[in-house]
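Trainee: Could you take me through this model feature by feature, giving me the general idea before the particular case?

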Amino acid sequence: MLGLQSSLCLHSSNSIQVNVEGFKNVIEAVKATPSVKKLIYTSSFFAVGPTDGYIGDETQFHSMKAFYSPYEESKAFADKLACEAAMEGVPIVSLYPGIIYGPGSMTKGNSLAEMMIERFNGRMPGYVGYKVKKFSFCHIDDVVVAYLAAIEIGRVGERYMLCGDNMSFHEVFDLAAGLTKTNPAKVTIPMWVLDVAGFLCVQWARFGAWTGISHQIPFITTHSVNILKHQWAYSSEKAERELGYKSRPLEEGLLQLLTWLKATGRIKY
């Protein structure tokens, strides 16, 4: 999760350009191409906003009053475009995945895998985030099946949350410890420590890029810490009902992920 927003914190204008302006171009192209019967749009749980104190669903729209990262802002504005396009008759189906995880490419998008690597290599010695703030996790294979279903039977103009088990990172860390029979974390890293670490990591990354010393993307940023201060938990009942979406339990998917990380030499336990 910490890595989920890292690359975007240094390139906020890029996220707006791609996620908003780029999507606007796609919509115009679809309008000009009558042969296109359905546009499957990949949005994000960030697009509908945080869910502090409750579980959200497709009926929620972002308040647009506060954004905790440039990525969230860009996806919220793009979602507004998608809703407007649907009202204008564009044959769009919008999908909103949660935190996608699973074996595969080690990109910044595979944030749960990154977090497990940090945890099992001792670089993350304690829990992060608040114990009561939950996030929604979905396995990559389940999301792919849902996309195929959306192409075939997704209703034009509809929005579908593709999420899964809602858990805090405290619960995820405890689950990982139980699955690997390793000791659970004993402390929670204070949020102010994460705030400071995020700020310093971003400044170092900017300095490295400016001097040419390094182009490394920071693992933790001020934006990712802000995201950890809120809940992002959702229900996928509509996708289950209309698309046949099934999200495997996080325990099952996390065991597969940890086994893969160990087999590829990225972690030891």
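Predicted model: local features only at pLDDT ≥ 70, side-chain atom pairs only at ≥ 80, totals over all residues.

Trainee: How many helices and strands does the protein chain have?

Mentor: Helices (H or I, at least four residues) and strands (E, at least two) are DSSP runs, numbered from the N terminus. The protein chain comes to 10 helices and 6 strands. Its radius of gyration, taken over C-alpha atoms, is 19 Å, close to the 18 Å that the globule rule (2.2 Å times the number of residues to the power 0.38) gives for 269 residues, so the chain is as compact as a globular protein of that length. Along the principal axes, the C-alpha atoms fill a box of roughly 55 × 45 × 35 Å.

Trainee: What share of the residues is buried?

Mentor: Buried means under 20% relative accessible area, exposed over 50%, and partly exposed in between, with a 1.4 Å probe and protein chains only. Buried residues make up 49% of the 269 residues in the protein chain. As for contacts (heavy atoms within 4.5 Å), residues 24 or more positions apart account for 84% of those with a separation of 6 or more.

Trainee: What is the strand order in the open sheet with parallel pairing?

Mentor: Strands of a sheet pair through backbone hydrogen bonds, either parallel or antiparallel. Two strands are taken as paired if DSSP finds at least two bridges between them. The order of this open sheet of 3 strands is β1-β2-β5, and its edge strands, β1 (39-42) and β5 (159-162), each pair on one side only. The twist averages 25° from one strand to the next. Helix α3 (residues 70-87) packs on the sheet, touching β1, β2 and β5, and its direction makes about 160° with that of β1; such angles run from 0 to 180 degrees between N-to-C directions, with axes fitted to C-alpha atoms, for helices over the stretch in contact. Within the sheet, β1 and β2 pair in the parallel sense over 4 bridges, and Leu95 in β2 is the bridge partner of Thr42.

Trainee: Is Ser94 buried or exposed?

Mentor: Ser94, which lies in strand β2 (residues 92-97), is buried, with a relative accessible area of 4%. Not counting residues up to four places away in sequence, Ser94 touches Tyr41, Ala82, Glu158, Arg159 and Tyr160.

Trainee: Which strands stand at the edges of the mixed sheet, and why is one side of each left without a neighbour?

Mentor: The mixed sheet is open, with 3 strands in the order β3-β4-β6. β3 (99-101) and β6 (166-167) stand at its edges, and because each has a single partner strand, one side of each is left without a neighbour in the sheet. β3 and strand β4 (residues 135-139) pair in the parallel sense over 3 bridges; Ile100 has Cys138 as its bridge partner in β4, and Tyr101 stands opposite His139.

Trainee: Which residues lie on each face of β4?

Mentor: In a regular strand the side chains alternate between the two faces of the sheet. In β4, Phe135, Phe137 and His139 are on one side and Ser136 and Cys138 on the other, and all are buried. Helix α5 (residues 140-153) lies across β3 and β4, running at about 75° to β4, while α10 lies across β3, β4 and β6, running at about 50° to β3.

Trainee: At what angle do α6 and α10 pack?

Mentor: Helix α6 (residues 169-180) and helix α10 (residues 250-263) pack at about 65°, with their axes 10 Å apart. The contact is made by Val172, Leu175, Ala176, Leu179 and Thr180 of α6 and by Leu250, Glu251, Leu254, Leu255 and Leu258 of α10.

Trainee: Where is Arg266 placed?

Mentor: Arg266 is in the segment after α10 and is partly exposed, with a relative accessible area of 32%. Leaving aside neighbours within four places in sequence, Arg266 is in contact with Met106, Ile117, Asn121, Trp260 and Leu261.

Technical notes. Residues numbered from 1 in each chain as written. Heavy atoms only, no water.
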